[in-house]
Amino acid sequence: METVYIVDDDVTFARGMARLVEAAGWTPRTFLSAAEFLAHRHDAGAACVVLDVRMPGMKGPELHRALLERGVRLPVIFLTGHGDVPTSVDAMKHGAADFLEKPVPSEVLLASIRAALSRDARSRIRDAEQGLLVARLARLSPREREVMRHVVAGRLNKQIAADLGISEKTVKAHRAKVMGKMEARSLAGLVDLCRAAGVAATSEE
């Protein structure tokens, strides 16, 4: 389920936006204030926020910063009835997905929402993959991690054995466990996994 959060104090505009979003096949959730949105528990699945810049109380940019501080990385599309270059520049610096001026053509807004939802979906996939990778790394013992760093550096079993003061047979056993626990089918695959996880190889002296 893809959700579009609409945060705008203009009731008529918010309702019209919700109808447009629903007609496009997405699920709209409308909020008339930043505080109301912050109190909401976000739905699962890809989502984005269509956010009015000027609202009573907490303004749109303030809400965006509050979300970032809370670790909420939803793509934000700002809407404004007033051309405000400094605000738009600041919003983009903070990672806003887009900054559109009202009245915005429906096709332009829908295209922006579609891009924002796609961006969030990709981000969620990356986060899920990273989570799986972290879980695999957690399975390794300290010694297995040590051996893995030598392996991805291209060291031979006998070299690793000499470096760590263990037998070559033990190195082979650790190496096999590393491949199994990391679910790597080849050395190249293990190298890619370590790179993605930020695990540095042990440099050869």
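**Close-up views of a predicted protein chain**

The protein chain has nine helices and five strands, where helices (H or I, at least four residues) and strands (E, at least two) are DSSP runs numbered from the N terminus. This is a predicted model, in which local features need pLDDT of at least 70 and side-chain atom pairs count only at pLDDT 80 or more, while totals for chains, interfaces and linings use all residues. Residues are numbered from 1 along each chain as its sequence is written, and side-chain values use heavy atoms, with hydrogens and water left out.

**View 1. The whole chain, to get your bearings.** Starting from the N terminus, the order of elements is β-α-β-α-β-α-β-α-β-α-α-α-α-α. The C-alpha atoms fill a box of roughly 75 × 35 × 30 Å along the principal axes. The radius of gyration of the protein chain is 24 Å, whereas a compact globule of 205 residues would have one near 17 Å; this radius is taken over C-alpha atoms, and the globule rule is 2.2 Å times the number of residues to the power 0.38. Of the 205 residues, 40% count as buried, where buried means under 20% relative accessible area, exposed over 50% and partly exposed in between (1.4 Å probe, protein chains only). Contact means heavy atoms within 4.5 Å. Among contacts between residues at least 6 apart in sequence, 63% join residues at least 24 apart.

**View 2. The largest pocket and its lining.** About 150 Å³ of space lies in this pocket. Of its 13 lining residues, R73, L74, P75, G95 and R119 are the closest to its centre. Two elements, α3 (60-69) and α5 (106-139), each give two or more residues to the lining, and α5 gives the most, with four residues. Sorted by class, the lining has five nonpolar, four polar and four charged residues. Here Ala, Val, Leu, Ile, Met, Phe, Trp, Tyr, Cys and Pro count as nonpolar, Asp, Glu, Lys and Arg as charged, and the others, Gly among them, as polar. On a 1 Å grid over the protein atoms alone, a pocket is an open set of points where a 1.4 Å probe fits, with protein on both sides within 12 Å along at least five of seven lines; lining residues have an atom within 4 Å of a point. Grid points are joined across faces, edges and corners, and the volume is the space filled by probe spheres set on the points.

View 3. V53 sits in the loop between β3 (47-52) and α3, and T80 lies in strand β4 (residues 76-80). V53 is buried at 6% relative accessibility, and T80 is buried at 2%. Leaving aside neighbours within four places in sequence, V53 is in contact with K59, G60, P61, F78, L79, T80, T87 and F99. On the same terms, T80 is in contact with D52, V53, F99, L100, E101 and K102. V53 and E101 are 48 residues apart in sequence, yet 9.9 Å apart in space, C-alpha to C-alpha.

View 4. K102 and P103 are joined by a cis peptide bond, with omega about -10 degrees. You will find P103 in the loop between β5 (98-101) and α5.

**View 5. The two sides of α7.** In helix α7 (residues 157-164), the buried residues are N157, I160, A161 and L164. Seen down the axis of α7, these residues fall within an arc of 100 degrees, so they line one face of the helix; the arc is that of the directions from the helix axis to the C-beta atoms. K158 and A162 are exposed on the other side of α7. The cover over the buried residues of α7 includes α6 (142-152) and α8 (168-181). Next comes G165, which follows α7 and has a positive phi, near 70 degrees.

View 6. The buried residues of α6 are E144, V147, M148, H150, V151 and V152, and they pack against α5, α7, α8 and α9 (187-197). G154 follows α6 and has a positive phi, near 90 degrees. H174 belongs to helix α8 and is buried, with a relative accessible area of 15%. Leaving aside its neighbours within four places in sequence, H174 is in contact with R143, E144, V147 and I166.

**View 7. E183 in the loop between α8 and α9.** Phi of E183 is near 55 degrees, a positive value in a residue other than glycine. E183 counts as partly exposed, at 45% relative accessibility.
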